Amino acid sequence: MAADGTTGRVTGRRARTRANLLGAAFSVFAAKGFGHVSIEEVCEAAGYTRGAFYSNFAGLDELFFALYAERAELIADQVSAALAADGPDLDVPAAVDRVTEALLLDRDWLLVKTDFLVHAARDPDVARTLLEHRARLRRTVADRLARARGHTELPAVLGDADGAAHAVVAAYDGVTTRLLLDRDVAGARAWLKQLLTALLTDGSAEPAAHGRG
């Protein structure tokens, strides 16, 4: 780096450009759907040229994965913090309360993610990369459940901590699918709490849910 800090300024400017492109892309993806957006539209929304776009991303897929990594990291951090608060013991009902209160349930993001999921389903290479990104949240949950083994009993039907983590993520996927249709965030949080309680305990701490499909 030059003595006057030029490289640092360029790096900072590039980071801002990248962040602005990501923010603009999120808004355009949410409004129009991932499969209906062009690079030109992202550039126009962000106020940058195609050159600025390609200096940061190879294409829309790479840009989406950058968005996904941001959101996955946020969700993983929220879940990790909620599950870590009990120390070595894991108070499952209390942890479920914390997870469902803190967890990001952003409908615009769910729209973008669902659009990209359909895109990935038609492209095996993209699907493999998306599966790798999705695995991070599952590993966060599995690691915490594994650390609690010997202190906290989990239902035997789930198998090991990784099996329990798969079930937790599947419950989250199901609840967010419902949220896309009914737009009921409070209901989604309540239903997720019931599902996670039923999965990770004998379910007796919560009443049975009614009227949900």
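**Pocket, cavity and aromatic packing**

Four helices each supply at least two residues of the lining of the largest pocket: helix H4 (60–84), helix H6 (107–121), helix H7 (124–147) and helix H8 (161–182). The model is predicted. The volume of this largest pocket is about 210 Å³. Its lining consists of Phe-64, Tyr-68, Leu-110, Lys-113, Thr-114, Leu-117, Leu-130, Arg-134, Asp-173, Thr-176, Thr-177 and Leu-180. By class, the lining of the largest pocket holds six nonpolar, three polar and three charged residues.

Rolling a probe the size of a water molecule over the atoms shows where empty space is left. Two cavities of 30 Å³ or more are present in the structure. The second largest cavity has a volume of about 140 Å³. Its lining comprises 13 residues. Nearest the centre of this cavity lie Tyr-68, Ile-75, Lys-113, Leu-137 and Tyr-172. H4, H6, H7 and H8 each contribute at least two residues to the lining of the second largest cavity. H4 gives the most, with five residues. The lining of the second largest cavity divides into eight nonpolar, one polar and four charged residues.

A pair of aromatic rings is described by the distance of the centres and the angle of the planes. The search of the whole structure returns 12 aromatic pairs. One of them joins Phe-53 and Phe-57, with 5.8 Å from centre to centre and 50° between the planes. This pair is tilted. Phe-53 and Phe-57 are both buried. Phe-64 and Phe-116 form a stacked pair, because their ring centres are 3.7 Å apart and their planes stand at 15°. The pair of Phe-64 and Phe-116 links distant parts of the chain. Phe-64 belongs to helix H4 and Phe-116 to helix H6, 52 residues apart. Both Phe-64 and Phe-116 are buried.

One aromatic cluster is formed by Phe-26, Phe-29, Phe-34, Phe-64, Phe-65, Tyr-68, Trp-109 and Phe-116.

Arg-71 is located in helix H4. Its relative accessibility is 17%, so Arg-71 counts as buried. Apart from residues up to four places away in sequence, Arg-71 touches Phe-26, Leu-104, Asp-106 and Trp-109. The charged end of Arg-71 sits over the ring of Phe-26, 4.6 Å from the ring centre.

Another arginine, Arg-178, is placed in helix H8. With a relative accessible area of 28%, Arg-178 is partly exposed. The C-alpha atoms of Arg-178 and Trp-191 are separated by 9.9 Å. Along the chain, Arg-178 and Trp-191 are 13 residues apart.

Terms used. Residues are numbered from 1 along each chain as its sequence is written. This is a predicted model: local features need pLDDT of at least 70, side-chain atom pairs count only at pLDDT 80 or more; totals for chains, interfaces and linings use all residues. Side-chain values use heavy atoms; hydrogens and water are left out. On a 1 Å grid over the protein atoms alone, a cavity is a set of points where a 1.4 Å probe fits but cannot get out, and a pocket is an open set with protein on both sides within 12 Å along at least five of seven lines; lining residues have an atom within 4 Å of a point. Grid points are joined across faces, edges and corners, and a volume is the space filled by probe spheres set on the points. Ala, Val, Leu, Ile, Met, Phe, Trp, Tyr, Cys and Pro count as nonpolar, Asp, Glu, Lys and Arg as charged, and the others, Gly among them, as polar. Buried means under 20% relative accessible area, exposed over 50%, partly exposed in between (1.4 Å probe, protein chains only). Contact means heavy atoms within 4.5 Å. Rings of Phe, Tyr and Trp (its six-membered ring) pair if their centres lie within 6.5 Å; planes under 30 degrees apart count as stacked, over 60 as edge-to-face and the rest as tilted. A charge sits over a ring if NZ of Lys or CZ of Arg is within 6 Å of the ring centre and within 35 degrees of the ring normal.
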